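Biologist: I am new to this structure and would like to learn how to read its pockets. Could we go through them slowly, one after another?

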Amino acid sequence: MLKIQNLTKKFGNKIALNKVNLEVAPGEIFCLIGPNGAGKSTLVKTVAGLLRPSSGQISVGGFDSVAGPEKSKSLIGYIPDEPTVWSAITGAEFLQIVGALYGVGPKERAERIPNLLSLFGLNGIEQDYFEDYSRGNKQKFSILAALLHRPKLLLVDEPIVGLDPTSAEIAKTQFVEFAKNGGSVLMVTHTLSVAQAIAGRVGFLEDGELKATGSIGELRVKAGLPENSTLEEIYKKLL
């Protein structure tokens, strides 16, 4: 579903991503971890089409993200690390706008939105303005907006930050169900317990370079650690 080939992104003379190669298959959750400033959010934003690659190629569902951006973006649901939305609209208006932009018809929106709101128990506050929501509720609406048009690829940048424990579990369950139904997930997280719980494969990004990828079992072997080693222990050994 996602194929990244020799992706390089520069900001002036600074190389944020250096010839990154990565594939995420349908039904797979791939978690990208690494220190601050490693280039994780830059990679996600470049895949989402918010940043243009300096060189290399990104394809989503077989569509080139530069040559066919509308096709590739139509397959993507993007959950940013900071849920920034125009403060003078309501949660319901936000979901209606996002749905319309992605071509979800009025009838389907009328069916989908109440069901999505119920996932996080947001029914009843959807008519409140975004400026009145807590950060956690803003994040929940961002998650629902990304799921609304039934994307094929979810790009998730630190989804758990700001969520209460119950909501964090609901979010994780939704990502797992999304993958079980054939969707692909590329997730950036510093919460290594979340990555260990739901990722099929993990990638370590440092200084814009993908240093290691594989299942947690494969990474344990690469790190020379015993079978019960946690992802945190593997991370400390390999980076």
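Biologist: Which helix gives the most to the lining of the largest pocket?

Modeller: Bear in mind that this is a predicted model. A lining can be read element by element, and in the largest pocket helix 3 gives the most, with 4 residues. Helix 3 (91–101) is joined by strand 6 (76–79) and helix 5 (135–148), each of these elements supplying at least two residues of the lining.

Biologist: How many residues line the largest pocket, and which lie nearest its centre?

Modeller: The lining of the largest pocket holds 21 residues, and those that lie nearest its centre are Tyr78, Pro80, Phe94, Val98 and Tyr102. The volume of this pocket is about 460 Å³.

Biologist: How do the residues of that lining divide into nonpolar, polar and charged?

Modeller: In the largest pocket, 14 lining residues are nonpolar, 5 are polar and 2 are charged.

Biologist: What space lies in the second largest pocket?

Modeller: The second largest pocket has about 320 Å³ of space. It is lined by 14 residues, with Arg112, Leu147, Arg150, Phe178 and Asn181 the closest to its centre. Helix 4 (106–119) and helix 6 (165–180) are the elements that give two or more residues to this lining, and the largest share, 4 residues, comes from helix 4.

Biologist: And what does the lining of the second largest pocket have by class?

Modeller: Sorted in that way, the lining of the second largest pocket has 5 nonpolar residues, 5 polar residues and 4 charged residues.

Technical notes. Residues are numbered from 1 along each chain as its sequence is written. This is a predicted model: local features need pLDDT of at least 70, side-chain atom pairs count only at pLDDT 80 or more; totals for chains, interfaces and linings use all residues. Side-chain values use heavy atoms; hydrogens and water are left out. On a 1 Å grid over the protein atoms alone, a cavity is a set of points where a 1.4 Å probe fits but cannot get out, and a pocket is an open set with protein on both sides within 12 Å along at least five of seven lines; lining residues have an atom within 4 Å of a point. Grid points are joined across faces, edges and corners, and a volume is the space filled by probe spheres set on the points. Ala, Val, Leu, Ile, Met, Phe, Trp, Tyr, Cys and Pro count as nonpolar, Asp, Glu, Lys and Arg as charged, and the others, Gly among them, as polar.
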